[in-house]
Amino acid sequence: MTTTITEAAVAAAVRPRRFGAWYVAEHQLRGMKAYGWTIVVGSVGNPLLYLLGIGLGLAAFLDQPIASGADGLVDYVWFVAPALLATAAVTVAMDEFTFVIMAGFKWRRIFWGMNASPVAPPQIAAGLVLSVVVRMLFTTTIYYLLILAFGAVGDPLTGALMPLVGVLAGLAFGLPVMAFSASLKEDKGQFALVQRFVFTPLFLFSGTFFPLTTLPVWLQWIGWVSPLWHASEIGRSLSYGSPPGAWPVGWHLAVLVVLAVVGWLMARRIFVRRLRAG
Amino acid sequence: MTAPVIAAHGLTKRFGDFTAVDGIDFEVPPGESFGLLGPNGAGKSTTMRMVGAVSSRTAGELSVLGLDPNTHGPEIRSLLGVVPQEDNLDTELRVRDNLIVYGRYFGIPRSVCATRADELLGFAQLEEKRNAKVDDLSGGMKRRLTIARALINEPRILMLDEPTTGLDPQARHVLWDRLFRLKERGTTLVLTTHYMDEAEQLCDRLVVVDKGKIMAEGSPSSLIRQYSTREVVELRFGSDRNADAAVRMAGLVERIEVLPDRVLLYADDGEAVLERVTDLGLHPTTSLVRRSSLEDVFLRLTGRSLIE
C-alpha cells in the first residue's frame, strides 16, 4: 500500500520538478491579462509620445548633431532611440519587480499558495522572472518596430538585437530590485524611494539624452553603474557603430550580465529563505 | 493494518531559543480524520508546515506518504491538498481560473484541470460563481473555493489549518458538511482547530496540543470519558462571588473549576448536584447542566481555556 502511494508521489512530482517555473510564468501571464490593455497601450503609446516629442521638438530645436558613431556625426533621434528602448524595458522591470513581488508575499499572498504545491521556491522566483521577460520582450519589440518606422535606426539588421539588449538591461536593473522587494516585510514607501532616488537619477545621468562624457567626471560614475547606460551604448553600437575610444561592447555586456546574475542569486536566496522559514 | 500515511517520532521545531514543537509522536493511518486541537500558539500550524514539506524539522523523524519531507518535498506536496489558515486565492483571477491555474502547478494537463475544476465547483456549491471575481465571494465561499483548489490534484491527504476560523455559524455548517462528505469518500483529513465542536464533528481521533507537546490522544468521546465527567454544571454567581461559592460547594463534587465568569462542577448527574447546591442555600444568577465537551478536557489537562 505504502509503496504504491510512495511510487505515485514520485511519479506525480516528475513534471512539476521539470516545468514548475513555467507553470508559475503561465499563472503570472494569465494575471497580466487583467491589465493587458494597459500593457499594450503603454507599450505603443509611450514610445509614440517620446518619439514625437523628441523627433518633432527637441531634434528640430538642436541645430547640430551632438553625438557621433563609427561613421561620424549622427542624427539626434538615432542617438536617443536605443536609450529610450532600454528605458522602456527598465520601466517594466520597475513595475513588475516591486509591488508585484511584495503583493505576492503580503497582499495577494499567491506565493504561499504556489509554495504549498510541488513547485519549489527557486522555481517560483524563476517563473516570475520568466513572465517579466515575456512582458519586456513584448514591449521592446514593439518599441523597436516603432523606432524603425520613425527612421531612428541606422542598421535595421544588427539593430534588431536591440529588443534583447533591452531585456538584459531590464534584468540587470530588475533582478537586484526583485531581491530588495522580496526582502521587505512592510511597505513603508520604499518603492517610491527606489523610483525617485535610483530609477530617476539613473534615467537622467545615464547618457540617455546626451553623451555621458558631456557630464563632469564626478557624475559619470552614475552612468558606469547604470544598466541603462550600458544597454544604450550597446544599442547605439548595434544601430550605427561606436565612435573611436568608446568602451568595447563586450565590457558593457559583461556589466549587465554581472548585475543580472548577482541580482538573480540574491533574489533566489531570499525567496527560498522566506518561503521555507517557519 | 495498513502503513500510516504520516508518522512523526520525536518531531521537534525550534526557532532560536523558542521550541514551537517539542518532540511529538503521532501516526495517521490512511482514511482517518485526524485532528490537532489546541490554543493559538500551541505549535499546530508549525506541525502542519513540517508535514506539508514547507518547513524543515529541527530534530526527530517524519515520514509522509513513506517519504522524508527534507529530501522529497515536491513528491510529498504532489499528493497533498493544503487549505491554509489565511486564504491565498488569486484575487486577480476569476473563480474557475483559480482552480485551473493551481492544477497546472501539479503538472496536470489544462484540459484535465478544466474538467476537474467544473466538478469541484459543483462539490463546493460554487457553480453559479464560476466566473465571479474572488473578491466578490463571501468568507464561506472563499473557504470552499480554497478547499476545492486543494482537491484539484486528487490528494491522498487533505490538510486544513483552522478551516472555519472567522466564519459565521451557517457557513461553518456548510463547510463541515462538505468535509464530512470527503471523509465518507475515504480522504485522509488532517486538521487543526481550536474549536472543540469542530473537532467533535470531524475527527475520528485527535491529539490535544499545548506548548508544543501532546497532552492527550484519543477519539473525542474517549477523551471526554477519560478526562471529564459525563455532565457539567455551569453556575454564575457574579464575578466577585464565584470563588466564595466554590469554597462552600467544595464537598459536592470531586472537581470544581473556578473561571473568571463562572464555576464549573463536574458530575455524572448534573441535575442532582444542582439540587444540592440549592439545598446549601446558594442561589446562582444562572445555572446550566450540559454534557462534557473537549473544552472541559482541555481545561483539565492544561488548567486553561482553549479560547482566551
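In which hand does α3(A) pass α7(A)? The crossing is right-handed, a label used when the near helix is turned clockwise from the far one by less than a right angle, with anticlockwise giving left-handed. Helices here are DSSP runs (H or I, at least four residues) numbered from the N terminus.

The model is predicted: local features need pLDDT of at least 70, side-chain atom pairs count only at pLDDT 80 or more, and totals for chains, interfaces and linings use all residues. Residues are numbered from 1 along each chain as its sequence is written, while chains are lettered from A and ligands numbered from 1 in the order in which they are written. For the complex, the predictor gives an ipTM of 0.88 and a pTM of 0.90. Chain B has a mean pLDDT (the predictor's confidence in each residue, from 0 to 100) of 91, with 98% of its residues at 70 or more.

Back to the opening pair: helix α3 (residues 36–61) and helix α7 (residues 121–149), both of chain A, have axes that come within 9 Å and cross at roughly 35°. Such axes are lines fitted to C-alpha atoms over the stretch in contact, and angles run from 0 to 180 degrees between N-to-C directions. Residues in contact (C-beta atoms, placed from the backbone, within 7 Å) include Leu48(A) of α3(A) and Phe138(A) of α7(A).

A second pair is formed by α12 (residues 227–240) and α13 (residues 249–275) of chain A, whose axes come within 9 Å and cross at roughly 145°. This crossing of α12(A) and α13(A) is left-handed. Among the residues that meet are Ile234(A) in α12(A) and Leu256(A) in α13(A).

Methods:
Helices (H or I, at least four residues) and strands (E, at least two) are DSSP runs, numbered from the N terminus. Two residues are in contact if their C-beta atoms, placed from the backbone, lie within 7 Å.
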